[in-house]
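This briefing goes through selected local features of one model, grouped by topic. Keep the sequence and the coordinates at hand while reading.

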Amino acid sequence: MKRLAQGARHRVELTVNGVKRVGYAEPRMLLSDFLRQELGATGVHVGCEHGVCGACTVRIEGIAQRSCLSLAVGVEGQAVQTVEGLAGGEGGLSDLQLAFRRYHALQCGFCTPGILVSVSEFLERFPEPTEQQVREMLSGHLCRCTGYTPIVLAISSVAAERRKQSSRA
Ligand code: FES
Ligand code: FES
């Protein structure tokens, strides 16, 4: 592995939400800070900064991961998706985001971007999740406001609606 000089800023190129982006990071800079401070992706929220709360979750090469547990220089050249990349066509809200609004699945909204990103991956892997599976997935995210039930309802409703649509296709 290439040794990087501490203190120096290094060029880091990522594909963020489908667009090539370049910024500069010291070797110790967290991916979460890089996305927010260098690339302006402030939908990436930072809570605990040690992998517990899930607020900073992004998809790296399609896999939902805590961005506070990766170094920016460590993901050089990779594809990252943040909550900003989840919107539907022409900047409208996705079905998932609309369901969160419909079911009041957010209050302060601090946890919401990370949850939305995790759910986007989760529903690809589990298109027909049980409530237990949804709750297990949510156990990786701290929400201090909602009590989780509206979030479970929103996710389950999206899964059901997508199943209905794909059975019609
Ligand atoms: S800020 Fe990354 S898990 Fe809490
Ligand atoms: S909506 Fe406030 S922490 Fe989840």
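The model is a predicted one.

**Helix 1**

- Helix 1 has L31, S32, D33, F34 and L35 as its buried residues.
- The cover over these buried residues includes strand 1 (10-16), strand 2 (19-25), strand 3 and strand 5.
- G40 follows helix 1 and has a positive phi, near 75°.

**Helix 2**

- Helix 2 spans residues 95-102, and L96, Q97, A99 and F100 are buried in it.
- These buried residues line one face of helix 2, because they fall within an arc of 160° when seen down its axis.
- An α-helix has 3.6 residues a turn, so residues three or four places apart point the same way.
- R101 and R102 are exposed, on the other side of helix 2.
- Helix 3 (112-125) and helix 5 (149-168) are among the elements that cover the buried residues of helix 2.
- After helix 2 comes H104, with a positive phi near 55°.

- H104 is not a glycine, yet its phi is positive, at about 55°.
- The loop between helix 2 and helix 3 holds H104.
- The relative accessibility of H104 is 60%, so this residue counts as exposed, the cut-off for that class being over 50%.
- E61 is another residue other than glycine with a positive phi, near 50°.
- E61 is placed in the loop between strand 3 (57-60) and strand 4 (63-66).
- With a relative accessible area of 48%, E61 is partly exposed.

**Loop residues and their distances**

- G51 counts as partly exposed because its relative accessibility is 21%, and buried would require a value under 20%.
- Leaving aside residues up to four places away in sequence, G51 touches R66, C68 and L69.
- From G51 to G7, 44 residues away along the chain, the C-alpha separation is 24 Å.
- G92 belongs to the loop between strand 5 (79-81) and helix 2.
- A relative accessibility of 27% makes G92 partly exposed.
- The C-alpha atoms of G92 and P127 are separated by 23 Å, and the two residues are 35 residues apart along the chain.
- T130 lies in the loop between helix 3 and helix 4 (131-138).
- T130 counts as partly exposed, at 43% relative accessibility.
- T130 and A159 are 29 residues apart in sequence, and their C-alpha atoms are 10.0 Å apart in space.

**Aromatic pair**

- How many aromatic pairs does the structure hold? There is one.
- In this pair, the ring centres of F122 and F126 are 5.3 Å apart and the planes are at 35°, so the pair is tilted.
- The angle limits behind this are under 30 degrees for stacked and over 60 for edge-to-face, with the rest counted as tilted.
- Is F122 buried or exposed? F122 counts as buried, at 3% relative accessibility.
- F126, at 28% relative accessibility, counts as partly exposed.

**Second largest pocket**

- The second largest pocket contains about 160 Å³ of space.
- Its lining is made up of G47, C53, A55, C108, F110, C111, L142, C143, R144 and C145.
- By class, the lining residues of this pocket are eight nonpolar, one polar and one charged.

Note on methods
Residues numbered from 1 in each chain as written. Chains lettered and ligands numbered in written order. Predicted model: local features only at pLDDT ≥ 70, side-chain atom pairs only at ≥ 80, totals over all residues. Heavy atoms only, no water. Phe/Tyr/Trp six-rings, centres within 6.5 Å; stacked < 30°, edge-to-face > 60°. Buried < 20%, exposed > 50% of the residue type's maximum accessible area, 1.4 Å probe, protein only. 1 Å grid on protein atoms, 1.4 Å probe; cavity = no way out; pocket = protein on both sides within 12 Å on 5 of 7 lines; lining within 4 Å. Points joined across faces, edges and corners; volume = space filled by probe spheres on them. Nonpolar A, V, L, I, M, F, W, Y, C, P; charged D, E, K, R; others polar. Helix = DSSP H or I, 4+ residues; strand = E, 2+ residues; numbered from the N terminus. Arc of directions from axis to C-beta. Contact = heavy atoms within 4.5 Å.
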